[in-house]
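Good morning, everyone, and thank you for making time for this. Please keep the sequence and the structure open while I talk.

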Amino acid sequence: RSPRQQTRRSQRSPRRQAPRHLDVQSLPKMVIASSYGQALGSNLQLRSALALLAPITFTILIGAGFPQFEIQDSVAELWIPDKSSYAADREYRIENGAGEVTTNLLVLARARDGHSTMLDARSLLEHDDAMTRIYATTVNVRGNAYDLSDVCLTARPYLLPCVVPTVLDCFYEGSSVVEWQPLVLGLAMSTPDAITIPCGLVSPTPPNITCGEPSTALYETLLLQGCTAAALLSCNSTAMEQSAKDAIVSAAILESGLIPASPYDSKPKLRDGDGALLPDEEVRAAVSGECFAWDGGSIYGEVNKELVVGSAKANASGFYEYAGAVQAVFVLTNGAAVQQRLSARPETAGGARDISLEEAMEVLEAMKAALEESAVAEQAGPWESDPDPARVTRTLHSAFSDDAVVPGTFTQTLRDETYSSINIMIVNFVLVGALAA
C-alpha cells in the first residue's frame with residue numbers, strides 16, 4: 001500500500017473504534033416519559049370502561065326503580081313530622097275508620113284595585129253572581145252527573161240547603177241560591193201531620209182528597225196519578241212535572257200560614273225592581289246588624305261576621321265602615337257520607353245511585369276542583385295585559401280548598417307542577433349520565 005493509503009486508514013480507525021458514551025442525565029427523563037405513556041394508556045382504558053359502565057348503571061337503577069315510581073302529592077306525608085303528636089292522632093283516626101269528617105272550600109272576593117271596600121251594592125252583587133255559578137256547578141264522573149247537593153254538608157240532604165256561611169245572608173239576594181219553595185215543601189214533608197190542605201185552595205177538590213187532610217196525601221195522590229194542576233179531576237196517568245206538584249203542595253203550606261213565604265223577604269235588596277242600587281250606608285248598616293240564613297237563626301244561629309268579612313274596620317259601636325274582602329265557606333262532607341246519600345237520593349234530585357266508596361271519593365275530589373273553577377270563571381285575571389272589557393269586573397274572586405278527606409288546592413298544584421316537570425327530569429337524567437361518562 002502506498003504511504004498515503006496507510007495514512008488515511010490510520011486516521012479513520014480511531015474514530016470508528018472509539019466507544020460511545022451514554023448520557024446518564026437523560027435516563028430519568030426517559031423513564032418518566034415511559035411511565036407517563038403507560039399511565040395515560042391505562043387511564044384511557046379506564047375511562048373507556050367507565051363510559052360504558054355509567055349508562056349501564058343508570059339503566060339498571062332506573063329500570064329497577066321505575067315500577068315503584070310514585071309522585072308524592074300528600075301534603076300530610078310531605079310536611080307532617082312522622083314522630084309528632086298530630087301525626088299519631090291522624091294515624092289513629094285512619095286506622096279506626098274515622099279520618100276527616102268534613103272538608104272546606106273558601107271563596108274569597110276583594111276589590112280589583114286592592115284597596116276599595118267590598119261593602120257596596122255593586123261589589124256584593126258580583127259576589128252573588130259568583131255564588132250562583134258555584135251553586136250551578138256539576139261534574140261528570142264515570143259517566144254520571146253530580147252537583148253540589150250531592151256533596152255539601154246539610155242537616156237533611158236534598159231537603160235543606162247546604163251549610164254555607166256568607167255575607168249575602170244579610171240581604172234579600174241571599175235567597176238567590178236557596179230554592180225556597182222546595183225547601184218549604186221539604187219542611188212540610190218532614191212534619192206532614194202539622195199541615196193540612198185548606199178548603200177551597202184547589203177547586204174543584206181532587207178525587208180522594210178532603211179538606212183538612214195532611215199535605216202528604218195530596219202530594220202522594222198527585223205523584224201516583226201524574227196529574228197536572230189544570231186537570232186534577234180528569235187526570236189518570238199523564239205525566240206531570242215535579243215542579244207543578246211541588247207548587248201545589250207549597251201553595252197549600254204557605255196558605256196554611258205555618259211557614260212564612262221566605263225569611264229573606266224582609267231583608268234589604270242590593271238592587272230593587274227598578275235597578276236602583278242600595279246606598280253604601282245602608283249596605284254597611286245591613287252587614288253591621290244581625291244576619292241569619294234561611295233558618296232565621298233557629299238552627300245555625302247568627303252568621304259569624306269574623307268568618308265572612310275580612311280586613312274590616314268598625315267603630316266603637318261595631319258599625320262596619322270598611323271591609324277589604326268578603327268570604328263564603330262551603331262545607332263539604334266525606335266519601336262515606338256521599339256514598340250513603342246517593343244510595344237514597346230522591347227522584348227529584350236525580351234518583352238513587354249505588355256507587356263504591358272509591359267513586360264517591362272521586363266525585364268529591366272532582367267537585368272540589370270544579371267549584372274552584374266556577375268561582376273564578378268569567379273574570380279577567382290581573383296578569384292579563386289586554387283583557388276583554390266585559391270580563392274586567394270590579395271584584396276579583398279566588399278559591400281555595402283544603403286537603404282534608406280528598407286532595408284540594410295545594411295537592412292539585414303540587415301534581416300539576418310535578419307532572420309538568422317530568423320532561424325536565426328526563427333531560428336531567430340524560431345529562432347526568434352523559435357527564436358521568
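This is a predicted model: local features need pLDDT of at least 70, side-chain atom pairs count only at pLDDT 80 or more; totals for chains, interfaces and linings use all residues.

Residues are numbered from 1 along each chain as its sequence is written, and side-chain values use heavy atoms, with hydrogens and water left out.

The protein contains 14 helices and 6 strands, where helices (H or I, at least four residues) and strands (E, at least two) are DSSP runs numbered from the N terminus. Of its 437 residues, 34% are buried; by that I mean under 20% relative accessible area, with exposed being over 50% and partly exposed in between, for a 1.4 Å probe and protein chains only. If we take contacts (heavy atoms within 4.5 Å) with a separation of 6 or more, 68% are between residues 24 or more positions apart.

Let me turn to the interior.

Because 11 of its 13 residues are buried, β5 is largely enclosed by the rest of the structure. Strands count as paired if DSSP finds at least two bridges between them, and β1 pairs with β5 in the antiparallel sense over 8 bridges, with Ala328 of β5 as the bridge partner of Val107. Strand β4 (residues 309–314) also runs antiparallel to β5, joined by 5 bridges, and here Ala312 stands opposite Ala323. The two strands β4 and β5 form a hairpin with 5 residues between them, and in the turn Gly318 has a positive phi of about 90°. Within β4, Ser311 has a positive phi of about 50° although it is not a glycine, and this residue is exposed at 57% relative accessible area.

Now to the charged pairs. There are 10 salt bridges in the structure, each being a side-chain nitrogen of Lys or Arg within 4 Å of a carboxyl oxygen of Asp or Glu. Which parts of the chain does the pair of Arg345 and Asp150 tie together? Their side chains meet at 3.2 Å, N to O, and since Arg345 lies in the loop between α11 and α12 and Asp150 in the loop between β3 and α6 (180–190), the pair ties together parts that are 195 residues apart in sequence. Both partners are inside: Arg345 is buried at 5% relative accessible area, and Asp150 is buried at 1%.

A second salt bridge brings Glu362 and Arg142 together at 2.6 Å, N to O, linking helix α12 to the loop between β2 and β3 (144–147) across 220 residues. Here Glu362 is partly exposed, with a relative accessible area of 28%, and Arg142 is partly exposed as well, at 48%. These two residues also belong to a network of salt bridges that includes Glu358 and Glu359.

Finally, the surface. The accessible surface comes to about 25,800 Å², 56% of which belongs to carbon and sulfur atoms; areas are from the Shrake-Rupley method with a 1.4 Å probe, and for residues only the protein chains shown count as cover. Leu78, Trp79, Phe400 and Phe410 make a nonpolar patch of about 420 Å², where patches consist of residues with over 30% relative accessible area and no salt bridge, like charges being joined within 9 Å and nonpolar side chains (Val, Leu, Ile, Met, Phe, Trp, Tyr) within 5 Å. Trp79, in helix α3 (residues 75–79), is exposed at 59% relative accessible area.
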